[in-house]
Amino acid sequence: PSPNDPPYLKGLNEPQRQAVLTTEGPVLVLAGAGTGKTAALTARLAHLVATQRAWPSEILAVTFTNKAAREMRERVGRMIGPAVEGMPWLGTFHAIAAKMLRRHAELVGLQSNFTILDTDDQLRLMKQLIQAEGIDEKRWPARQLAGLIDQWKNKGLTPEEVGAGEAEGYAHGKGQKLYAAYQTRLREVNACDFGDLLLHVLTILKRHRDVLEQYQQRFKYIMVDEYQDTNSSQYLWLRLLAQTRKNICCVGDDDQSIYSWRGAEVANILRFEKDFPGAVIVRLEQNYRSTPHILGAASGVIAENGNRLGKTLWTDIDVGEKVRVLGVWDGPEEARRVGDEIEAIARAGGSLDEVAILVRAQHQTREFEDRFIQIGLPYRIVGGFRFYERAEIRDALAYLRLVNQPADDLAFERIVNVPKRGLGDKAVEKLHRLARAEGIPLALAAARILDTDELTPQARRALGAFIGDLARWRDRAGQLPHAELARQILDESGYTATLQAERSTESAGRLENLSELARAMEEYETLGAFLEHVSLVMDNEAQQDERKLTIMTIHAAKGLEFDNVFLAGWEEGIFPSQRALDEGGLNSLEEERRLAYVAITRARKRCTILHAANRRIYGQWTSSIPSRFVGELPPEHVDEESSMSGGASLWRANWSERDDPFANVARGSSRGPGWQRAQTGGQFSREPVRVVEARTSAVSLGNKGRDDVSLGQRVFHQKFGYGTIAAIEGNKLEIDFETAGRKRVMDSFVTLA
Ligand code: ATP
Ligand code: MG
């Protein structure tokens with residue numbers, strides 16, 4: 001370091017400087033968590049621009065999230081001033097690929113204004129194709145096909161490139177054909193899905209030398225953060241672009257590879273040296289983030305993994321506190337405990353922005369959310385929806401609201417055809433018209449329309465069944481515990497079965513959320529009290545600029561850091577997840593362990609790990625075993641504490657047989673069926689937020705009312721045409737229609753002719 005160093009070099013250590021100053025040729029920075037990889041990459045970007053090696057528009061910089069891209073842009077801005085303004089090629093793989101594809105869309109048969117489909121659209125399209133192919137969609141759900149196609153796209157395979165053996169998995173080898181049909185259909189509607197963004201760009205670069213050369217010329221420097229989580233198609237794309245200049249700098253940590261379930265391949269790190277011979281490998285060993293105890297704890301856990309590249313990590317930060325392991329009695333106590341601790345942090349002057357609770361699966365946020373609402377602790381959920389705002393939870397709540405309060409039209413409308421029971425927009429439209437005409441709730445309108453011919457026989461049957469269900473559930477409401485009622489409703493309505501049939505990671509996560517909902521209900525005396533609680537929770541959106549603590553999944557926390565980190569639910573079956581245990585392979589277990597490493601290394605000053613002795617699963621208390629990862633924490637870095645007598649040290653006994661990681665695996669036998677336990681790290685699900693809005697378009701044909709109609713009058717009905725009133729019974733009319741014959745209709749649906 002010299003006194004004349006530009007600001008962006010100040011404070012960097014020697015290997016970091018090397019990563020910044022080795023601008024020409026391939027560079028791989030391989031280093032553990034918190035060693036300043038992202039910091040070095042940011043400084044490198046500043047250096048390239050400040051020394052005019054490249055214009056900002058000539059640098060391709062890939063980050064893992066849009067947020068990370070924004071931060072990098074800001075930081076570079078602070079280092080070198082406004083020159084950074086245009087960094088058009090700084091962003092995520094998806095964002096950059098989308099931008100490229102818009103420029104050359106016609107080369108893959110799209111127009112530049114193509115739409116990017118969300119998961120829902122994607123599935124709808126696949127369903128059509130599956131049906132057209134005569135495949136039983138129940139047996140081979142669209143989501144399964146979607147998963148398969150996604151995998152192929154992650155690998156950079158077009159339909160033509162899929163090997164015969166690879167297509168076995170779906171509908172006796174029809175997957176490949178459907179993939180091709182799906183791609184054709186997408187082109188026809190000028191659309192693509194997320195996986196296509198990169199795949200199409202790859203195709204273009206491979207087939208059109210001129211385009212490839214143009215980008216190879218443009219991107220004088222390429223850099224990639226979180227390199228360990230790139231998938232094959234991303235890797236191929238980078239390799240093509242870097243082929244001529246070879247000025248590519250990737251930073252990553254094999255121990256933090258946590259997206260293999262989305263096709264990420266750690267092997268890309270190993271390939272780097274082969275594909276870019278002579279690459280400079282930089283190792284950063286000083287950790288600037290965490291205290292020695294936190295680092296020691298994280299290193300101890302990850303040391304249990306085999307097949308590591310291996311790294312040294314040290315820190316000269318003051319010793320600080322040991323990692324605390326808290327054994328608590330149950331979930332509510334876990335939330336209470338964390339809430340109390342966070343309040344204490346706030347009282348002591350700590351900022352809530354520097355506090356995070358990290359969970360393995362989305363459904364774990366609920367207990368914390370409820371508690372924090374109750375005690376008034378502002379929180380935000382990052383990378384996902386707040387618990388009660390998730391689509392499946394809103395659906396379930398709509399059922400419950402409707403049982404509790406039959407006049408709840410918004411609830412009725414939300415679920416009248418969810419799951420699909422053959423009640424189309426037309427039928428719903430009619431209910432609306434009737435409800436408005438008579439000034440009655442939709443549910444009542446539904447009951448009234450039933451013994452008329454207003455609906456098609458199919459819709460009438462479906463509506464009849466639904467109304468019958470509602471009545472039955474309402475009867476039971478007084479007798480059953482309401483959590484049990486909720487389970488029955490979800491089962492009998494077919495909601496659960498529909499999700500189960502999807503057999504995807506995402507649907508498994510949704511099922512988990514529904515179980516969690518039932519668990520939440522158990523804490524309230526009555527259904528009414530619970531629903532009241534929910535509406536208060538929903539209303540509790542904190543001020544935008546208020547300081548908030550963060551709740552998120554470990555996956556979403558990648559690359560981030562906080563002074564205070566709470567790691568909740570470190571129990572077998574939660575973390576490692578039941579899914580990882582069921583799959584049983586060493587790979588999935590090692591990926592869970594890398595997640596544990598990522599989780600612990602997010603903490604700067606304090607890290608608290610919690611495990612509960614009991615969890616309530618489907619109304620039943622079951623005892624849980626502390627996570628094996630707790631047992632892997634080196635004792636010298638850990639303080640154990642338990643709110644129960646003698647409970648917390650049990651795990652040492654449980655996990656003493658280190659040599660055989662599966663020797664003592666509890667396979668969830670006490671935890672109910674496997675699907676209930678399946679976990680998801682799916683904070684990336686692009687869950688559409690359903691907007692329920694009152695329809696205003698329908699115009700009643702005119703409510704003539706009972707007094708205005710009389711026998712023998714000629715009337716007009718939109719569906720059946722002209723006819724004569726043959727009988728009047730309340731607000732229902734028997735009409736002899738001129739072509740349709742005798743029908744029973746609602747009086748509000750006819751006009752006097
Ligand atoms: P992760 O693997 O979690 O992504 P990382 O290797 O990218 O971590 P950074 O986030 O870049 O690490 O840095 C971790 C922390 O250390 C940040 O707060 C950063 O500002 C700080 N830091 C990085 N380099 C230095 C340095 N040379 N001197 C002091 N602090 C540093
Ligand atoms: Mg980083």
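The structure is a predicted model, in which local features need pLDDT of at least 70 and side-chain atom pairs count only at pLDDT 80 or more, while totals for chains, interfaces and linings use all residues. Residues are numbered from 1 along each chain as its sequence is written, and chains are lettered from A and ligands numbered from 1 in the order in which they are written.

**View 1. Helices α21 and α22 pack against each other.** Helices (H or I, at least four residues) and strands (E, at least two) are DSSP runs, numbered from the N terminus. Helix α21 (residues 495–502) packs with helix α22 (residues 505–521) at an angle of about 150 degrees, and their axes are 7 Å apart. Axes are lines fitted to C-alpha atoms, for helices over the stretch in contact, and angles run from 0 to 180 degrees between N-to-C directions. The two helices α21 and α22 are therefore roughly antiparallel. In this contact, Leu-499, Gln-500 and Glu-502 of α21 meet Ser-507, Arg-510 and Leu-511 of α22; residues are in contact if their C-beta atoms, placed from the backbone, lie within 7 Å. By class, the contact of α21 with α22 comprises two nonpolar, two polar and two charged residues. Here Ala, Val, Leu, Ile, Met, Phe, Trp, Tyr, Cys and Pro count as nonpolar, Asp, Glu, Lys and Arg as charged, and the others, Gly among them, as polar.

**View 2. Six strands form an open parallel sheet.** The order of the strands is β3-β2-β6-β7-β1-β8; two strands pair if DSSP finds at least two bridges between them. At the edges are β3 (90–91) and β8 (280–284), each of which pairs on one side only. Strand β6 (residues 221–224) and strand β7 (residues 248–252) run parallel and are joined by three bridges, and Ile-222 has Ile-248 in β7 as its bridge partner. Helix α10 (residues 232–242) lies across β2 (59–62), β6 and β7, and runs at about 160 degrees to β6. In the loop between β6 and α10 lies Glu-226, which has a positive phi of about 50 degrees although it is not a glycine.

**View 3. Strands β17 and β18 form a hairpin, as do β18 and β19.** Strand β17 (residues 714–717) runs antiparallel to strand β18 (residues 721–729), and four bridges join them. The bridge partner of Arg-714 is Thr-724 in β18, and three residues lie between the two strands of this hairpin. Six bridges join β18 to the antiparallel strand β19 (residues 732–737), where Ile-725 stands opposite Ile-735. Two residues lie between β18 and β19, and Gly-730 in the turn has a positive phi of about 60 degrees.

Terms used: Parallel < 35°, antiparallel > 145°, perpendicular 65-115°, else oblique. Contact = placed C-beta atoms within 7 Å.
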